[in-house]
Amino acid sequence: MTAAALSRFLGNTGRRIMLIESEAIGTVGVGEGTIPPILEFNHQLGIDEAQFLRETHATYKLGIDFVGWTAEGERYFHQFGQIGRALNGVSLHQLWLKHRSDPAVGPLAAYSMSAVAAANNRFAHPAADPSDPLSQIAYAFHFDAAAYGQFLRRYAEAKGAERIEGRIVSVDRDGETGAIASVSLEDDRKVRGDLFVDCSGFRSLLLGETLRVPFEDWSQWLPCDRAIAVPSERTEPLTPYTRSTAHPAGWQWRIPLQHRTGNGHVYSSAHMSDEEAEAILLSTLDAKPIGSPNKLKFKAGRRSRSWESNVVAIGLSSGFLEPLESTSIHLIQHGVQKLLSLFPGREIGQAERDEYNRHMVNSYDPIRDFLILHYSATRRTGPFWDHVRTMELPDTLKHKIELFRERGRVFRYNDELFDTPSWVAVMLGQGIIPDEHDPLVDGMPGAQVLRALAELRAGYQRTAMKLPLASEFINRKVSEAA
Ligand SMILES: Cc1cc2nc3c(=O)[nH]c(=O)nc-3n(C[C@H](O)[C@H](O)[C@H](O)COP(=O)(O)OP(=O)(O)OC[C@H]3O[C@@H](n4cnc5c(N)ncnc54)[C@H](O)[C@@H]3O)c2cc1C
């Protein structure tokens, strides 16, 4: 993603872009869920959606179905996009809070175009007419990350990036400034550079290992440190959403692609053995596994600075947050976009680095809080859940929860990724029910609100039932690919 974006935007500025990769080391080999901003990344690169779907075996994603997170047998949907429409300036979730005991009102998800389409396994692109309920559908993709990487590699090379195959075995630093001067490969080739983008994965070869930028460990809040991933055969109907199912010491993802389903069990090694985690994963697949399970180890946290000296770390080399809300690929995209907006000349200004680092901290930390919320607001019990349910929360999250608990309010700070509808869906979904609603709701006659809610709800349902099945939409779109 980094090489593709840099070659797209800097390719004709006279800069040479070199991409060093090692097939012997390979990539982490997981990562299939994304969130809506990925559309913007593909659009900026001029990638055609039909071709992208064909090359990466992608499917559409409308949100995440959270199963068993509050208690066994309960579920909720975290939708992409808005929840309903504001009436007289009052958010829909506030109207819902006041009137939810009326049986005609139904669940909050009934007011989300994405959630209603997902529940019916249907999909279409957003409508242009803002009065059409379909204008509110919002989507992202599930895709084969390895295929996306190959696709972008070809894209970057076509735009002039030079790819070098080989393993970096040593890093040379400038004796005076300490900046990275060159990296040396196994076969003694030396690659010099002015700016190094460290995309070396968990190893963080340049930023962590060489420049020793410290890692802030967040495992006291996010104790899951292992995953076992295994693909299984495709099942019907194709569901246009990710499923996340809570287990005794973590959770399991289910991500449908065109040619297979991706599955993985994320768990805490302090609370469950690898054998037990694998047994749970294999016994809960909904189709025959394809291939053997892939085991991964990680730690939640981020480097205290992503840009140090002449090294910018992007991807796992800058930090890791478990894939509960599919945010890592987004953090790569965000890191690349910020790097482009602060791209230095030959001299790198400290203000440029500071600004970049400020943005990355402001991106990582609220996502961390959002993930912690899923664990801490639960009625589940057992050693793992007792720990996460009772742990001391970061002050930032504590404040967000307290504010929501009072009157259901959420405010977005510092361009944080997840907006009000996401926080509302997960707060309510995880069982945080406000004591009161916003007093502004009381200014609207109840009968008028109930009528408006009924109309909205019926509109989403009617619209969803007219959409094609997600599988039909994908087949049609893929057949358009050049
Ligand atoms: C269990 C799990 C599930 C995930 N699920 C999701 C998800 O659903 N959604 C999401 O957004 N993200 C997800 N992620 C994160 C996602 O997989 C990564 O963000 C993404 O794959 C990018 O990884 P990367 O490029 O930073 O690192 P890697 O894929 O590890 O790539 C590192 C690259 O550096 C090269 N390299 C390393 N060392 C050297 C060396 N010495 N010499 C030469 N080359 C070298 C390697 O060859 C490789 O090409 C998940 C991660 C895990 C662990």
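**Close-up views of helix packing, ligand surroundings and backbone geometry**

**View 1. Packing of helices H10 and H12.** Helix H10 (residues 350-376) packs against helix H12 (residues 395-407) at an angle of about 60 degrees, the two axes being 9 Å apart. H10 is therefore oblique to H12, given that angles under 35 degrees count as roughly parallel, over 145 as roughly antiparallel, 65 to 115 as roughly perpendicular and the rest as oblique. Axes are lines fitted to C-alpha atoms, for helices over the stretch in contact, and angles run from 0 to 180 degrees between N-to-C directions. Helices (H or I, at least four residues) and strands (E, at least two) are DSSP runs, numbered from the N terminus. The model is predicted: local features need pLDDT of at least 70, side-chain atom pairs count only at pLDDT 80 or more, and totals for chains, interfaces and linings use all residues. Residues are numbered from 1 along each chain as its sequence is written, and side-chain values use heavy atoms, with hydrogens and water left out.

**View 2. Residues joining H10 and H12.** H10 passes H12 in a right-handed crossing; a crossing is left-handed if the near helix is turned anticlockwise from the far one by less than a right angle, and right-handed if clockwise. On H10, Arg-368, Asp-369, Ile-372 and Leu-373 meet Thr-396, Leu-397 and Ile-401 of H12, where contact means heavy atoms within 4.5 Å. This contact of H10 with H12 comprises 4 nonpolar, 1 polar and 2 charged residues. Ala, Val, Leu, Ile, Met, Phe, Trp, Tyr, Cys and Pro count as nonpolar, Asp, Glu, Lys and Arg as charged, and the others, Gly among them, as polar.

**View 3. Packing of H10 and H13.** H10 and helix H13 (residues 420-429) pack at an angle of about 25 degrees, with axes 9 Å apart. They are therefore roughly parallel to each other, and their crossing is left-handed. Pro-366, Asp-369, Phe-370, Leu-373 and His-374 of H10 make the contact with Ser-422, Trp-423, Val-426 and Met-427 of H13. The residues of this contact divide into 6 nonpolar, 2 polar and 1 charged.

**View 4. Packing of H3 and H6.** Between helix H3 (residues 49-56) and helix H6 (residues 145-158) the packing angle is about 125 degrees, and the axes are 8 Å apart. H3 and H6 are therefore oblique to each other. The crossing of H3 past H6 is right-handed. Gln-51, Phe-52, Glu-55 and Thr-56 of H3 meet Ala-147, Tyr-148, Phe-151 and Arg-154 of H6. The contact of H3 with H6 holds 4 nonpolar, 2 polar and 2 charged residues.

View 5. A backbone N or O atom of Ile-329 lies 2.7 Å from a ligand oxygen atom. A ligand nitrogen atom is 2.8 Å from a polar backbone atom of Ile-168, and a ligand oxygen atom is 3.4 Å from a polar backbone atom of Glu-32.

**View 6. Backbone geometry in two loops.** Most residues other than glycine have a negative phi, and most peptide bonds are trans. The peptide bond from Glu-236 to Pro-237 is cis, with omega near -5 degrees. Pro-237 is placed in the loop between strand E12 (226-232) and strand E13 (242-247). Asn-88, a residue other than glycine, has a positive phi near 50 degrees. Asn-88 is found in the loop between strand E4 (75-79) and helix H4 (92-99).

Methods: A polar contact is a pair of N or O atoms within 3.5 Å; within protein, one must be able to donate a hydrogen and the other to accept it, and residues adjacent in sequence count only if both atoms are side-chain atoms.
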